[in-house]
Number of protein chains: 4
Amino acid sequence: MTKAPDSSRRSEHSRRAILDSALALVGEVGYNKLTIEAIAARAGVGKQTIYRWWPSKAAVLLDASLALSGEAWTDTGWSGFPDTGDLAADLKAVLRATVDEFSDPRYEAPARALTAAGATDPDLSARFTEQLLEPQLALYEARLRAARDAGQLAADADLRLVTEMLVGPLTYRWLLRTAPLTHAFTDALVDSVLAGVGGAGGADGVAKVTVR
Amino acid sequence: MTKAPDSSRRSEHSRRAILDSALALVGEVGYNKLTIEAIAARAGVGKQTIYRWWPSKAAVLLDASLALSGEAWTDTGWSGFPDTGDLAADLKAVLRATVDEFSDPRYEAPARALTAAGATDPDLSARFTEQLLEPQLALYEARLRAARDAGQLAADADLRLVTEMLVGPLTYRWLLRTAPLTHAFTDALVDSVLAGVGGAGGADGVAKVTVR
Amino acid sequence: MTKAPDSSRRSEHSRRAILDSALALVGEVGYNKLTIEAIAARAGVGKQTIYRWWPSKAAVLLDASLALSGEAWTDTGWSGFPDTGDLAADLKAVLRATVDEFSDPRYEAPARALTAAGATDPDLSARFTEQLLEPQLALYEARLRAARDAGQLAADADLRLVTEMLVGPLTYRWLLRTAPLTHAFTDALVDSVLAGVGGAGGADGVAKVTVR
Amino acid sequence: MTKAPDSSRRSEHSRRAILDSALALVGEVGYNKLTIEAIAARAGVGKQTIYRWWPSKAAVLLDASLALSGEAWTDTGWSGFPDTGDLAADLKAVLRATVDEFSDPRYEAPARALTAAGATDPDLSARFTEQLLEPQLALYEARLRAARDAGQLAADADLRLVTEMLVGPLTYRWLLRTAPLTHAFTDALVDSVLAGVGGAGGADGVAKVTVR
DNA sequence: GTGTAACCGAGACGGTACGTCTAGTCTTGTG
DNA sequence: CACAAGACTAGACGTACCGTCTCGGTTACAC
């Protein structure tokens, strides 16, 4: 059995340097050309220091992304999901912000890398989903639950399904580049989804529902 | 400039052997451990014959998948998208079949590999989208157009948006493994989407819309 | 059994182009980087045309060198070995000419290449020796025999040994680069050798013999 | 600039294994079919470990030969060149031993390989000459100097020339295979050379000089 | 204070695969 | 049928990284 390292003696300085280097490099050369050796060299760190604490370069990047999203959280001063009482408006705001994030190279490179790595690595996928994705989906569900409680959604609406109807098409376009990611797209998406689950998607959203 | 090889003299036998080997190996060892050397060895082919005709292992796999989907097309005798007149039933049938396909290891390994590779390789992504994805999306749109012409959808329905509302959440679950992929899920998805765009999602689909 | 090609239908034009290209290339890139492909390309010839008629690139070079030395023979109008009656002077003249030839890059590259290739390839070595070397050594022996018949050498002198005492040290210096190849060196060599076998090596050549 | 590896951390075990494998393989398959990959595989070593410390397979073989000759030196308990006072006898003994060594396949393969490689690679040739050849030639010169000091050679004898008159013809026959390498040949060679430079080539060596 | 046990930077090691190059064979027209 | 052209199988080339393993050095806690 290989003995576990003593995390209490871990060098925080090296840890930060590694995560920063990984983020910088994945933006510069892309995930496929990202190497542990390059991360170590850029961080001024021995390779073993990376191998001691992470099982793969994808895991390094996951931690780096977690740190990054943690910073973003505190930087923007966000306390969670907006709730102005207007569900459609809130969802549109969040999806627009997501579109912007997906367009920011600072986030895009690691996000694509992790999604790609997770696609063929179930273990990584599980950690990725659990630590990054689910917390965000939970925020959607919480906002939708509030709306349902307020009678703005059908009482039997499947909140997880609705969440995925919002997030799924957005992610699909981003990942597969089938069409450009725009605010107009996400606005229309919110309207269509809410029309289907009983929310008022806007002026013509209601109109659609009433057709036939 | 490097001169292009003369494709009229290409060995069809080698080409088939390479594609078959690639598909077999990606199923056996996964995409990350798939190597050009192994494909060449299994196919009884020189490495240069692969490098001569494909720029990357992902490109090989894309061609292999194209061949595979071409075969599936002829094998099942499908002539396209079903059109029984019942839009909801047709969509459910197709999405159920897609769920089944996503669960078939024969298709899953290369599909995940290509999606992952495309996520970080725009060139490959473009070919992947154009050659595999768009033709399928076009079938959805055609079926939806027929439904719209028949007055089963709102006259101003955005067919591409509806298509992505169907395909996006399904792909999202499959790729990110946020929840199990079931027929119940896709059935509910079809109902919810059609409810939003004026189609009858089934007996209680209409009910949902009117509920408030 | 592999059938032999029909040499009566051989293209003389291709043969010359191949030999010329081989000589030119060996001078430009050296023997180690000389490739059959490059020879064929430069000669405007298919690779198979080379493989049909020669077993190796060394064999091509040997034929090329034979052709080259044949030309040199006719170009310089030499009819063989000089015989002025003065053995020492004749030998010095020939060795000086050999030194000059060894310094001419036009001859040096193929000569070194063939010597090197022959060192580890006995078949090639045999052809090389028989076709290029022996005819030259025979000229030395003939001149020495004439001298011996004229009483200028000991009657029991071993002509082959004397020849090798002249040619050996010269070749040694050239091949191994232990010291610079100069006319002074070969002049001294001739004097010393003739002193040992009873020829008058010059004014001080005799002196040396008489020492003690 | 590529940084040099830290030789203090070099693995002596790997170094020996590489040299041994190179010697064994060059004897088995010959120099032209000797590959770095095969050396690495046989030595149980990564290819990079060879490329890290040697620039070419010829350089490996040179080091291997140096080690081999170092061993031979200590194995045979030789302390240098014999000096019995009888110059002719001493030279004959050494040249006979050289003939024997040239006939020993253990030495012949690497010796031919290095000579061939050096013929077309001046860098290698320089190292080969400096590290293997010159030390041996220096022994000849030292012995000849002792003889000259003892009045057995002409006072103005060119020791380097005499050395090459001994070693050149021997090497010539060995390398070019113009005639069989025998003890009789080298004995006659010694006699002839010494006759030319004033040494007593043996009982009839003097006779030869004075004859006629 | 001084062991002594761990992490640390550094980098050599045995390996695998890369993408390129060349060898030598086979195939496909053309003259 | 020899030829030019060039695709083919095969495999060595030299490089880049992998993940493991010393090697000193430098903390940081135990005695």
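## Basis

The model is predicted: local features need pLDDT of at least 70, side-chain atom pairs count only at pLDDT 80 or more, and totals for chains, interfaces and linings use all residues. Residues are numbered from 1 along each chain as its sequence is written, while chains are lettered from A and ligands numbered from 1 in the order in which they are written.

## Helix pair in chain A

Helix α4 (residues 57–76) and helix α7 (residues 122–149) of chain A have axes that come within 11 Å and cross at roughly 5°. Helices here are DSSP runs (H or I, at least four residues), numbered from the N terminus. Axes are lines fitted to C-alpha atoms over the stretch in contact, with angles from 0 to 180 degrees between N-to-C directions. The crossing therefore makes α4(A) roughly parallel to α7(A) (angles under 35 degrees).

From α4(A), the contact uses A58(A), A59(A), L62(A), S65(A), L66(A) and S69(A). From α7(A) come L124(A), R127(A), F128(A), Q131(A) and L132(A). Contact requires C-beta atoms, placed from the backbone, within 7 Å. By class, the contact residues are seven nonpolar, three polar and one charged. Ala, Val, Leu, Ile, Met, Phe, Trp, Tyr, Cys and Pro count as nonpolar; Asp, Glu, Lys and Arg as charged; the others, Gly among them, as polar.

## A89 in chain A

A89(A) sits in helix α5 (residues 87–103) of chain A. A89(A) is partly exposed, with 13 other C-beta atoms within 10 Å. Buried means 20 or more such atoms, exposed 12 or fewer, and partly exposed in between, with C-beta atoms placed from the backbone. D187(A) is 98 residues away along the chain, yet the two C-alpha atoms are separated by 8.9 Å.

## Helix α9 in chain B

α9(B) is mostly covered, with eleven of its 15 residues buried. Among them are F185(B), L189(B), V193(B) and V197(B). G198(B) follows the helix, and its phi is positive, near 90°.

## Chain C against chain D

The contact takes 42 residues from chain C and 43 residues from chain D. On the chain C side, α8(C) gives the most, with twelve residues. That side has 21 nonpolar, 13 polar and eight charged residues.

Methods. Helix = DSSP H or I, 4+ residues; strand = E, 2+ residues; numbered from the N terminus. Contact = placed C-beta atoms within 7 Å. Parallel < 35°, antiparallel > 145°, perpendicular 65-115°, else oblique.
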